[in-house]
Amino acid sequence: MPSSKPPTSPEPGRGTGPDRPERPTPPEAPELIWLRPERTGRGPRPAHSRASIAAAAIGIADAEGLDAASMRRVAAALGAGTMSLYNYVPKKEHLLDLMLDAAVGEYELPPAPSGDCRADLVGLAHQQLAIFRRHPWLPALVLARPSIGPNALRYTDHFLAITAPTGLGGGARMEAMALFNGFICQFAQYEQTAAAGAKWQAEMIGYLTQAAMSGEFPNLAQAFATSGPPADPDSTFDRSLDRVITAMLAPTP
């Protein structure tokens, strides 16, 4: 029996029946913060910026370590509410990306390479080690969460320009950059370990010395016999860097 009620109108845009169009799904927000606009251009000027948020977080991490740079602590340093900070930085991972790229912005990159590839790479390496020494939390973050923000893009482009005269292809030069950066990260982390664990380091040297004198490890004993006194960190860095640059610029067979 037909209903006595008048037919109801369908919801706007939905239609009726099996061919009814689905409600459009809102676009998913980009995962990378670099794909999110910092400002929409509408409304009042924001009270904070990504640069100021990153600077506050870096100040906390430099003083107390990366774990201390929570969203709550950063908001307090800026005089903002914790929840309001999420309007600028939706996730803690985004905060780490901002901090990393802000640190990369500390490089003083010349307008163009000098033409001396090795000299330019040595200069770049010393800048990177200095940045890592200023920010002890940075090497571990670079290795754990590599991110290519605007400053990292400029660094990458500059590295590729430096190595362009080598004749290596683009892929090989990107691999060389990964080797170059990885070596400097590992060296900076070793420096931190040695500085923080003097007792551990002394015991390790004693342990290796005993192993070398045992007669079970003749190659280790020979290396110890010809190594001489320990070099200062900067000299060790320069010698190791020279080997890394030689290896990474060598043409592949």
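Residues are classed as buried under 20% relative accessible area, exposed over 50%, and partly exposed in between (1.4 Å probe, protein chains only). By this criterion W200, with a relative accessible area of 44%, is partly exposed. The structure is a predicted model, in which local features require pLDDT of at least 70 and side-chain atom pairs count only at pLDDT 80 or more, whereas totals for chains, interfaces and linings use all residues. Residues are numbered from 1 along each chain as its sequence is written, and side-chain values use heavy atoms, with hydrogens and water left out.

The protein contains 11 helices and zero strands, where helices (H or I, at least four residues) and strands (E, at least two) are DSSP runs numbered from the N terminus. Along the sequence the pattern is accordingly written α-α-α-α-α-α-α-α-α-α-α. Of the 253 residues, 31% count as buried. Contacts (heavy atoms within 4.5 Å) between residues at least 6 apart in sequence join residues at least 24 apart in 67% of cases.

The accessible surface of the protein comes to about 16000 Å², with 59% belonging to carbon and sulfur atoms; areas were computed by the Shrake-Rupley method with a 1.4 Å probe, and for residues only the protein chains shown count as cover.

Five aromatic pairs were found in a search of the whole structure. Rings of Phe, Tyr and Trp (its six-membered ring) pair if their centres lie within 6.5 Å, and planes under 30 degrees apart count as stacked, over 60 as edge-to-face and the rest as tilted. The pair of Y107 and Y155 is tilted, because the ring centres are 4.9 Å apart and the planes stand at 40 degrees. Since Y107 lies in the loop between α4 (92-104) and α5 (117-134) and Y155 in helix α7 (residues 150-163), this pair ties together parts 48 residues apart in sequence. Both Y107 and Y155 are buried. Ring pairs also link F183, F187 and F237 into a cluster.

The search of the whole structure found zero disulfides (pairs of cysteine sulfur atoms within 2.5 Å). C117 is buried at a relative accessible area of 13%, and C185 is likewise buried, at 1%.
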